Amino acid sequence: MSQRFFCPEPVVYRSGEPCVCRLQGDEARHATRVMRLGAGDAVTLFDGTGWEYTAVVRSVARSEIELVVTAAESIDREAPVRVTLGVAMPKGDRQKVLVEKLTELGVACLTPLVTERSVAQPKASGVEKLRRTVIEASKQCGRNRLMQIDEPTPLQAFLERCDADRRLIAHPHRDRQAPATSVEGPVAVAIGPEGGFTEDEVAAAEAAGWGAVSLGRAILRVETAAIAAAARFGCP
């Protein structure tokens, strides 16, 4: 796969009509200072819409690269089942690892949960850093759509607003899954913090139609549980 770069603005390309687009900010710095791109180099662009674009560098400035898009192709590398994860986020760098791996596994949406035992919540600047991690992971793994990261959300609000066909809350040593209306439809899984969900939180989820599910005999760390849920309930 050729070098991939992300365009935050949709690329407007019509077949047979080359168009010009620009990389700025982090992407331009990565292209010039790390990858050492120069005029005439070929790259692949994606803009999060599902399309992939072939482009050639036309000019390189200190903080901007101008490219000419010459071809476009819609390439679907998404997981066969749409997976939404609500996760009570772990501390520190473990958040970045979590986001990186969920992006690679094809998770569609990550919602940081506010729970009774939450130990960490990303602030606005932290959420933006995690969204940047999604871009970097997508460049590496070939996804053409970005995993969505929501703002931190109280658990009860997440339980009420999520309308996936199959809704599950992870709880150790418990496996009473709600029946799925469509085994191939969207799946949502709620992952608790260190210490797990409280019994009241699990009861509230079950009252809202969520099924309790165990992810195995061992007690998993938050990021491990989220990765295991992604792999088990919808990702290849």
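This is a selection-by-selection tour of a predicted model.

Residues are numbered from 1 along each chain as its sequence is written, and side-chain values use heavy atoms, with hydrogens and water left out. Because the model is predicted, local features need pLDDT of at least 70 and side-chain atom pairs count only at pLDDT 80 or more, while totals for chains, interfaces and linings use all residues.

**The sheet**

Select β1, β3, β4, β5 and β2, in that order: they make an open sheet of 5 strands with mixed pairing. Strands (E, at least two residues) and helices (H or I, at least four) are DSSP runs, numbered from the N terminus. Two strands pair if DSSP finds at least two bridges between them. At the edges stand β1 and β2 (19–24); each has a single partner strand, so one side of each is left without a neighbour in the sheet. Neighbouring strands of this sheet are turned by 45° against each other on average, direction ignored. Axes here are lines fitted to C-alpha atoms, for helices over the stretch in contact, and angles run from 0 to 180 degrees between N-to-C directions.

Keep β3 (42–46) selected. Of its 5 residues, 4 are buried, a term for under 20% relative accessible area, with exposed over 50% and partly exposed in between (1.4 Å probe, protein chains only). R4 has T44 of β3 as its bridge partner, and F6 has F46 of β3.

The bridge partner of V43 in β4 is A55. These two strands form a hairpin with 4 residues between them, and G48 in the turn has a positive phi of about 85°.

**Helices on the sheet**

Next select α1, which packs on the sheet and touches β1, β2, β4 and β5; its direction makes about 90° with that of β2. Contact means heavy atoms within 4.5 Å. Helix α3 also packs on the sheet, touching β1 and β3, and its direction makes about 150° with that of β1.

Stay on α3 (residues 124–141): its 18 residues should span 26 Å at 1.5 Å a residue, and its end C-alpha atoms are 26 Å apart, which agrees. The expected span is 1.5 Å times one less than the number of residues. Buried positions in α3 include V127, L130, V134 and I135. The buried residues of this helix pack against β1, α1, β3, α2 (94–105) and β8 (148–149). Just after α3, G142 takes a positive phi of about 95°.

**The α2 and α6 pair**

Select α2 with α6 (residues 222–233): their axes come within 10 Å and cross at roughly 5°. The two helices are therefore roughly parallel, the class for angles under 35 degrees. In this contact, R94, L98, K101, L102 and L105 of α2 meet V222, E223, A226, I227 and A230 of α6. These residues divide into 7 nonpolar, no polar and 3 charged. Ala, Val, Leu, Ile, Met, Phe, Trp, Tyr, Cys and Pro count as nonpolar, Asp, Glu, Lys and Arg as charged, and the others, Gly among them, as polar.

**Two loop residues**

Select R36, in the loop between α1 (25–34) and β3. Its phi is near 55°, a positive value in a residue other than glycine. Most residues other than glycine have a negative phi. R36 counts as exposed because its relative accessibility is 64%.

Finish at A79, in the loop between β5 (64–74) and β6 (83–87). A79 counts as buried, at 14% relative accessibility. A79 and L113 are 34 residues apart in sequence and 23 Å apart in space, C-alpha to C-alpha.

How values were computed. Angles under 35 degrees count as roughly parallel, over 145 as roughly antiparallel, 65 to 115 as roughly perpendicular and the rest as oblique.
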